[in-house]
Amino acid sequence: MGINMATEEQIRSGETADVYFKRTMENYPPDLNDLVVSEITVSGYTNPWITFTGLHDVLELLKGKPLSIQAVPEGTILPCRDIMNIPVPFMSITGRYRDFAIMETAILGLICQSSGISTQSSLVKLAAGDRPYISFGIRRMHPAISTMIDWAAYVGGADGVSGTLSAERIGIEAVGTMPHALSILLGDERAWDVTLRKKSAGKRTLLIDTFNDEKFAAINASTLHPDIDYIRLDTPSSRRGNFCNLVTEVRWELDLRGFKNVKIMVSGGLNAEDVAELASCGADAFGVGTSVSSAKPVDFAMDIVEVGGIPKTKRGKLSGLKYVYRCEKCFTVNVSHVKGSIKCSCGNSMTLVTVSYMENGKILQKDESASKIRERVLSQFPKISSYTGR
Ligand SMILES: [Zn+2]
């Protein structure tokens, strides 16, 4: 079998689908009028808003099929429900049910996991503020999806990623410091020498907590190499006590000795709350792993909302094709079943967020770079506090 994973061909052919879709298609009436609109919404999430990503991969999966797709742009941050409690349609697919039923498992998987990671990444970036945060979490997840994880983390707000192939796809330099292994094999001082001898671009960072106390190791590393950019604390949880106070102490002792230029990077089991706390006590940069890479997926669901042009759906869902509008001034979100001009209660005209991405298999919009999508995400941060959830 080799490594236990599906190939891209198996995903595209529907082999990774839940079996009930396959069985449904086996006895499917060939003359059925099954022109439908299927809508993707989420009833709720652990966070009041979602940084939506994964659309590119869905379009890649479905292009060429006789389907039309409208969606909110990649990197749009939206609440699960609008101001009137209507679930926000993040994406709608129009076409014959038989032409995409088998793809539902893959479509949802592509956006649920990616959006979960992007949302968590946005939360970490909001906590880090201007201080850089690097995605370090691919080692805790299946390597086959490492590029998706780092991509989703980056566009969600991460300033860099550790994955080599991930960085190549994003179009940035991968970020890395040095492994504990090097200090274990060479001893700290030789390991630091070797690390600083590297030719590659990027910050000069020394990991200082392999054998010794953080304060004294930080002073030692800064004395030997006063021109380094960062010392990194990856203090094991068993030694941590109060990590925040430890960072403050290291900062104080470095400053006292004239090493104000040496910044402090922290890593090791950090989540958004830890980042906010550590930022407040002197940490300058963050390596964040599992809390982002294994973020809870967004439970997007896909439901038929129209059949043959007539609104029709199951219990618990709202029928009819819908469009998302947002007031770009106050970020009020409004879901409407008609396209037109809508006024916000603040007096501003609302903007149509929903975009037509595919018509009868033909992609209508240009691919956007990761950095452009990331800019879109960051530009929304100042206003999303109005998404309080319900
Ligand atoms: Zn408004």
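The model is predicted, and local features need pLDDT of at least 70, side-chain atom pairs count only at pLDDT 80 or more, while totals for chains, interfaces and linings use all residues. Residues are numbered from 1 along each chain as its sequence is written.

I looked up valine 275 and, leaving aside neighbours within four places in sequence, found it in contact with Val124, Ala127, Ala128, Tyr133, Leu270, Phe286 and Val288.

Next I checked the helices, which like strands are DSSP runs numbered from the N terminus (helices H or I, at least four residues; strands E, at least two). Leu123, Val124, Ala127 and Ala128 in α4 meet Ala272, Val275, Ala276 and Ala279 in α11. I noted that α4 and helix α11 (residues 272–280) pack at an angle of about 10 degrees, with their axes 8 Å apart; axes are lines fitted to C-alpha atoms, for helices over the stretch in contact, and angles run from 0 to 180 degrees between N-to-C directions. Angles under 35 degrees count as roughly parallel, and α4 and α11 are therefore roughly parallel to each other.

Last, I turned to glycine 163, whose place is in the loop between β7 (160–161) and α6 (164–170). Is glycine 163 buried or exposed? A residue is buried if 20 or more other C-beta atoms lie within 10 Å of its own, and exposed if 12 or fewer; glycine 163 counts as buried because it has 25 C-beta neighbours inside 10 Å.

Technical notes:
Contact = placed C-beta atoms within 7 Å. Parallel < 35°, antiparallel > 145°, perpendicular 65-115°, else oblique.
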